[in-house]
Amino acid sequence: MIDAEPAKLIDARYTDGDGVISQAEASIDSELMSQFTELDTDQNGELSEDEFSKA
Ligand SMILES: [Ca+2]
Ligand SMILES: [Ca+2]
């Protein structure tokens, strides 16, 4: 039941191995997609692990 994750890490399904979530990758999750612009604080069109951890 308890998922002992210290912090949200980028789920492997969102990444192609580059460690960031592109908009295309985020689009598989409508909830994430809806937050994408807000989370992308440096507005580079990708979510870094740091940005994603605020989700
Ligand atoms: Ca990626
Ligand atoms: Ca970003």
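Helices (H or I, at least four residues) and strands (E, at least two) are DSSP runs, numbered from the N terminus. On that basis, Glu38 belongs to helix α2. The model is predicted: local features need pLDDT of at least 70, side-chain atom pairs count only at pLDDT 80 or more, and totals for chains, interfaces and linings use all residues. Residues are numbered from 1 along each chain as its sequence is written, and chains are lettered from A and ligands numbered from 1 in the order in which they are written.

**Overall organisation**

- The protein contains 3 helices and 2 strands, arranged along the sequence in the pattern β-α-α-β-α.
- Of the 55 residues in the protein, 11% are buried; a residue is buried if 20 or more other C-beta atoms lie within 10 Å of its own, exposed if 12 or fewer, and partly exposed in between, with C-beta atoms placed from the backbone.
- Two residues are in contact if their C-beta atoms, placed from the backbone, lie within 7 Å. Among contacts between residues at least 6 apart in sequence, 37% join residues at least 24 apart.

- Glu38 is exposed because 10 other C-beta atoms lie within 10 Å.
- A distance of 9.9 Å separates the C-alpha atoms of Glu38 and Lys54, which are 16 residues apart along the chain.

- Gln43 is located in the loop between α2 (30–39) and β2 (46–47).
- Although Gln43 is not a glycine, its phi is positive, at about 50 degrees.
- Gln43 counts as exposed because it has 7 C-beta neighbours inside 10 Å.
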